[in-house]
Every structure is written in structure tokens, then in C-alpha cells.
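This briefing covers a predicted model.

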Amino acid sequence: YLGTVAAADGERTVLGAACKRFDIQRWVMLEGDRYAEQETTAWYAPLPSIDQATYIQMQRHFHALSNFGPELTEAYLKIPGFPMAYESVRYAEGMAIKSSYLVTELATRDAPAGIYSIPEGFTKKENYSVRQLQHR
């Protein structure tokens, strides 16, 4: 994806957090034309409970897996805070697809007991080589 990220006028409160508005556009270029265009209004708030360094690292992986170009990824990562809400319209194949997102709860909880343990009947192998994975 290619695109732009720009701070915009406007504030909104979500779960008591003061959010700033950002306008985001993204698209795919194919043979000189834009496809899968998306326009988003996003509301970001700084949240002390979010480990910003970990969040940025997670976002880098998400953007790489989602085929974001490096310039668009860097523009997203300059937005301070965490996305608390957004409204988007994506244009594809003659349709306008609207979506929205709103954080409705913020909480810190412990993971359920055993959620990260190895299931019964399985064993943990520390490292697989690419060759081992290809011949499984």
C-alpha cells in the first residue's frame, strides 16, 4: 500500500482519553492507477498503559504482513499514541465499503492459566531450519 497520513483539526474523547484526529488515505498502484483506495478518519490518544516501543514493533510487523510500503509505515508510526476509534470507507470494484472501530474497554489482565503452555501430547522444538519446515 501507498498513502498519506496527516494530522487534522478535531478532538474526540473515547473512554476518558483525549484523542487527536488524523486523516489517512491509502491505495494500491497498478499500471499507473489507484486501486483499493481507502479514506480513514482516525482518533489517536496517548495511553500510558500501552508500552509504546512494543506497540511500534508490533505495528511494523503488521504493516509488513499487510504489504504497506515503507513510507506509509513510517508515517503511521509517527502518529503519537494508540488508535481509539476510526471510520473508514474503502472503494473496491465499484462499491464503497464502510467500517468503523471503537475501543469500548481498556483493561490490564493476566493471561488465563496455561494459555501459553504446550498442549498435552506435543513437545516443544526450539528451532526448525527452513529445510526442516519444507520437508514436514
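In which sense do β2 and strand β3 pair, and over how many bridges? The pairing of β2 with β3 (residues 33–45) is antiparallel and runs over 10 bridges. Both strands belong to an open sheet of five strands, in the order β1-β2-β3-β4-β5, with antiparallel pairing. The edge strands are β1 and β5 (95–102), each of which pairs on one side only. From one strand to the next, the twist averages 15°.

**Strand pairing**

- Strands of a sheet pair through backbone hydrogen bonds, in either a parallel or an antiparallel arrangement.
- Strand β1 (residues 2–14) and strand β2 (residues 17–30) run antiparallel and are joined by 10 bridges.
- L2 has its bridge partner in β2, namely W27.
- A hairpin is formed by β1 and β2, with two residues between them.
- L15, in the turn of this hairpin, has a positive phi of about 50°.
- On the β3 side, M29 has R34 as its bridge partner.

**Helix on the sheet**

- The pairing of β2 with β3 over 10 bridges forms part of the surface under a helix: α2 packs on the sheet and touches β1, β2 and β3.
- The direction of α2 makes about 20° with that of β1.

**Largest pocket**

- The volume of the largest pocket is about 340 Å³.
- Its lining holds 17 residues, and R26, Y44, F62, Y76 and Y86 are the closest to the pocket centre.
- β2, β3, α1 and β4 (82–92) each supply at least two residues of this lining.
- By class, the pocket lining has 11 nonpolar, five polar and one charged residues.

**Largest cavity**

- Rolling a probe the size of a water molecule over the atoms shows where empty space is left.
- The count comes to one cavity of 30 Å³ or more.
- The largest cavity has a volume of about 60 Å³.
- Its lining is made up of Y44, Q52, Y55, I56, Q59, Y76, L77 and I79.
- α1 gives the most to the cavity lining, with four residues.
- Six residues of the cavity lining are nonpolar, two are polar and none is charged.
- Y44 and Y76 line the largest cavity and are also among the residues closest to the centre of the largest pocket.

Terms used. Residues are numbered from 1 along each chain as its sequence is written. This is a predicted model: local features need pLDDT of at least 70, side-chain atom pairs count only at pLDDT 80 or more; totals for chains, interfaces and linings use all residues. Side-chain values use heavy atoms; hydrogens and water are left out. On a 1 Å grid over the protein atoms alone, a cavity is a set of points where a 1.4 Å probe fits but cannot get out, and a pocket is an open set with protein on both sides within 12 Å along at least five of seven lines; lining residues have an atom within 4 Å of a point. Grid points are joined across faces, edges and corners, and a volume is the space filled by probe spheres set on the points. Ala, Val, Leu, Ile, Met, Phe, Trp, Tyr, Cys and Pro count as nonpolar, Asp, Glu, Lys and Arg as charged, and the others, Gly among them, as polar. Two strands pair if DSSP finds at least two bridges between them. Axes are lines fitted to C-alpha atoms, for helices over the stretch in contact, and angles run from 0 to 180 degrees between N-to-C directions. Contact means heavy atoms within 4.5 Å.
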